[in-house]
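Me: I have a model open on my screen and would like to learn how to read it. Could you walk me through it, feature by feature?

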Amino acid sequence: MNFLSPWTRFLVRCCAILFLLAAAPVSVPAATGMPGSYVVDTAGVIDEGAERLLIGRLQELEQKTGTQMVVLTIDSTGGVPIEEYALGKAEGWRLGQKGRDNGLLFVVAMQDKRYRIETGYGLEAVLPDSLAGSIARQYLVPLFGEGRFSDGISATVLVITDIIARSQGVTLDQSPAPVSVREIGDGEIPLKEALSIVLFLLMFGAGFSRLYPPRRGRSGRTGRYYAGGFPMAGSRGFGDGFGAFGGGRGGGFGGGGVSGGW
Amino acid sequence: MNGKFWTTLGIIAGIILILAVMTISQYNRPITMREAVHAQWAQVENQLKRRYDLIPNLVESVRGYAAQEQDIFLGVAQARKAYFSAEGVDGRARAASELEGALSRLLLLQERYPELKSNENFLRLQDSLEGTENRISVERKRYNDQVRELNTYVKTFPGVLFASLTGVGPSAYFEVSEAEQEAPKVKF
């Protein structure tokens, strides 16, 4: 039965080892996690209604434009510059579609009093740093100054998502009255207008969530997140939550974006 | 007996084939790595160029408020010119960090001229510049990582063999001068 001599068997083994060595990939891609949701409110500053609204909005944004935007609140980066922290997170989560590099991460570090909007390569033209900075100065900073963190985050996200959607010629459902972004440079967008938009959307979201009671219970949630907000008019339909992050993740980031304090 | 002979022969041929494939792929490796370093250097230069292009507008917007600070404007202009004529990784790196120093002195003017802080145009240019500085440091880090990978490879076995075969040598790091690392950063 044993038709191979020990010598031949040795050779076979060498062969196998060599083959494995040759076939072994040069570098193993780093293991990646995934954010639990479009909104990761670790610091717990976003109101429930606003959170649902934002999740619905960001989900719709992805369905219509492919842009993968995530909002992250944390207590502190632990001494790491927020630029470095945000880049690491955005790359670790592999936000954005491969090739289109349309990922975007919005980080707020509460104790550090720092925020960062990290734009993927593919969004740098749509949302240049100067524009992102203007938005933060006009919406985030004043509202945060009043301690209205949830509103500040919502307003910032609504304006940014609006800009991205417009750049691709789509409108997001429940889109607020047009906010002309190009005007930011000269005339300021009235804060009041932005606030009324936020309020309107919050009310809308709250109304809807009563019609469609969200499946809550964070502890029992597994993987998928069911957006409690709006039924999507889009392709994949209601309930197709965060797991839908499709289209090949792994967009590139090059440190673009803006950061600041309040 | 005969079957055993052929089996052995086949296995030896297989080993030779695999060795040949490995050699070829290894032979190409230092070249691929050097190309990756070059490509990454191009990314760094892109961002440095971006900063270079931003400067005139930034200087103009500051000049409106602080026209008398001629030294600082002159320093920026000179550093910018020096960057343009610098060559090689080392030269560019040195010129780039001098330019960075000159620019941070320019931005510090907002401490003395607080009106600058309420000028939206200046703030936007500053955002662009800061964004560019951050991109530069990201691309610089990636470049240095690539260089480290290449340099480690060409200095250790078996890479050193293939490197000398292909004539690929170590590349230069994009060093940040110590003075610059210690220089107080403008925080906004």
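Me: What is the mean pLDDT of chain B, and what share of its residues reach 70 or more?

Reply: The general idea first: pLDDT is the predictor's confidence in each residue, from 0 to 100. In chain B the mean pLDDT is 87, and 93% of the residues reach 70 or more. This is a predicted model, in which local features need pLDDT of at least 70, side-chain atom pairs count only at pLDDT 80 or more, and totals for chains, interfaces and linings use all residues. Residues are numbered from 1 along each chain as its sequence is written, while chains are lettered from A and ligands numbered from 1 in the order in which they are written.

Me: Over which residues of chain B is the pLDDT below 50?

Reply: Where pLDDT is low, the predicted coordinates should not be read in detail. Here that applies to residues 182-188 of chain B, where the pLDDT is below 50. Beyond near neighbours in sequence, this stretch has 6 contacts in the model, a contact being two residues whose C-beta atoms, placed from the backbone, lie within 7 Å. For the complex, the predictor gives an ipTM of 0.77 and a pTM of 0.72.

Me: How many helices and strands are there in chain B?

Reply: Helices (H or I, at least four residues) and strands (E, at least two) are DSSP runs, numbered from the N terminus. Chain B has 6 helices and 0 strands, giving the pattern α-α-α-α-α-α along the sequence. Its radius of gyration, taken over C-alpha atoms, is 25 Å, well over the 16 Å that the globule rule (2.2 Å times the number of residues to the power 0.38) gives for 188 residues, so chain B is more spread out than a compact globule. The C-alpha trace of chain B spans about 95 × 25 × 25 Å along its principal axes.

Me: Where is Glu130(B), and is Glu130(B) buried or exposed?

Reply: A residue is buried if 20 or more other C-beta atoms lie within 10 Å of its own, exposed if 12 or fewer, and partly exposed in between, with C-beta atoms placed from the backbone. Glu130(B) sits in helix 4 (residues 120-155) of chain B and is buried, because 21 other C-beta atoms lie within 10 Å. From Ala13(B), Glu130(B) is 117 residues away in sequence and 59 Å away in space, C-alpha to C-alpha. Across chain B, buried residues make up 32% of the 188 residues.

Me: Now chain A. What is the strand order of the open sheet?

Reply: Two strands pair if DSSP finds at least two bridges between them. The open sheet in chain A has 5 strands in the order 1-2-3-4-5, with mixed pairing. Its edge strands are strand 1 and strand 5 (253-261), each pairing on one side only.

Me: Which strands does strand 2 of chain A pair with?

Reply: Strand 1 (residues 39-41) of chain A pairs with strand 2 in the parallel sense over 3 bridges, and Val39(A) stands opposite Val71(A). Strand 2 also runs parallel to strand 3 (residues 103-109) of chain A, joined by 7 bridges; there Gln68(A) stands opposite Gly103(A). In strand 2 (residues 68-74) of chain A, 6 of the 7 residues are buried, so this strand is largely enclosed by the rest of the structure.

Me: Which hand does the β-α-β unit of strand 2, helix 3 and strand 3 of chain A have?

Reply: A crossover is right-handed if, with the strands pointing away from the viewer, the path from the first strand over the helix to the second runs clockwise. The unit made by strand 2, helix 3 (residues 82-92) and strand 3 of chain A is right-handed.

Me: Which peptide bond is cis, and which residue has a positive phi of about 55°?

Reply: Most residues other than glycine have a negative phi, and most peptide bonds are trans. Phe157(B) and Pro158(B) are joined by a cis peptide bond, with omega about 0°; Pro158(B) lies in the loop between helix 4 and helix 5 (159-166) of chain B. Arg94(A) has the positive phi of about 55°, although it is not a glycine. Asp101(A), also not a glycine, has a positive phi near 50°. Arg94(A) is in the loop between helix 3 and strand 3 of chain A, and Asp101(A) is found in that loop too. Arg94(A) counts as buried, with 23 C-beta neighbours inside 10 Å, and Asp101(A) is buried with 20.
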